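Reader: I'd like to learn how to read helix packing from a model. Could you walk me through it?

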Amino acid sequence: MKRLWLAAGALALAGAALAQDDEARARQIIGGSCFLCHGAEGESASEVFPRLAGQNAEYIAKQLENFKSGKRQSTAMAPMVERLTPEDMAALGRFYASRPPHQEAAKDAPLAAVGQYIYQVGNRFSGVPACATCHGADGAGSNALPRLAGQHAAYLDKQLRQFGQRARNNDNAVMHAVVEKMTPLEMAAVAEYLSGR
């Protein structure tokens, strides 16, 4: 029994050491370049750059890999991911996922109310499905799907437009089918609603 407790204790210590190494690796990478656009904790103050704090770890790692492979196009991100290893990407994903997500009220309450309806219910007249079906009622997403809650409205709106124009095609083809039915107003409304979640 004593050996069992010692083994469990050793495993716990090893896990804690790995987590510290993981965070140190992530902080070193972030301090080298990521913080300039995304902030030291993933809190990005500029609507041009996404907030990464609270984002799902696997989703972040996948996006970084897609930027590196060219599957997702970005002249800004391509040089940033050039030297990242899969281990670096996973460490960054886990670091950002561990940060508290941003929360603030939507800036345009009436627009957000329209967005809430579309996000939660969809638009049966145009065939737009409820976003909550995939991204969750609270906008937290999943391992494979992004957290949308608390993201900059302008950033979300831009991503929706890119899906609609097929300028972004590294992710789920379902997004293309959904967004092609959305009007610019619906995109802006959903983005505004999610920014305040």
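**Helix packing**

Author: Gladly! Helices α2 (residues 57–69) and α4 (residues 86–98) pack with their axes 7 Å apart, at an angle of about 140°. Axes are lines fitted to C-alpha atoms, for helices over the stretch in contact, and angles run from 0 to 180 degrees between N-to-C directions. That angle makes α2 oblique to α4, since under 35 degrees counts as roughly parallel, over 145 as roughly antiparallel, 65 to 115 as roughly perpendicular and the rest as oblique. This is a predicted model, where local features need pLDDT of at least 70, side-chain atom pairs count only at pLDDT 80 or more, and totals for chains, interfaces and linings use all residues. Residues are numbered from 1 along each chain as its sequence is written, and side-chain values use heavy atoms, leaving out hydrogens and water.

Reader: Which residues of α2 and α4 meet?

Author: Contact means heavy atoms within 4.5 Å. From α2 come A57, I60, A61, L64, E65 and K68, which meet M89, A90, L92, G93, R94, Y96 and A97 in α4. Why such spacing? An α-helix has 3.6 residues a turn, so residues three or four places apart point the same way.

Reader: At what angle do α7 and α9 cross?

Author: Their axes cross at roughly 140° and come within 8 Å; α7 and α9 are therefore oblique to each other. On the α7 side, the contact is made by A153, L156, D157, L160 and R161.

Reader: Which residues of α7 are buried?

Author: Buried means under 20% relative accessible area with a 1.4 Å probe, protein chains only. In α7, these are A153, Y155, L156, D157, Q159, L160 and F163. Their cover includes α8 (174–179) and α9 (184–195).

How values were computed:
Buried < 20%, exposed > 50% of the residue type's maximum accessible area, 1.4 Å probe, protein only. Helix = DSSP H or I, 4+ residues; strand = E, 2+ residues; numbered from the N terminus.
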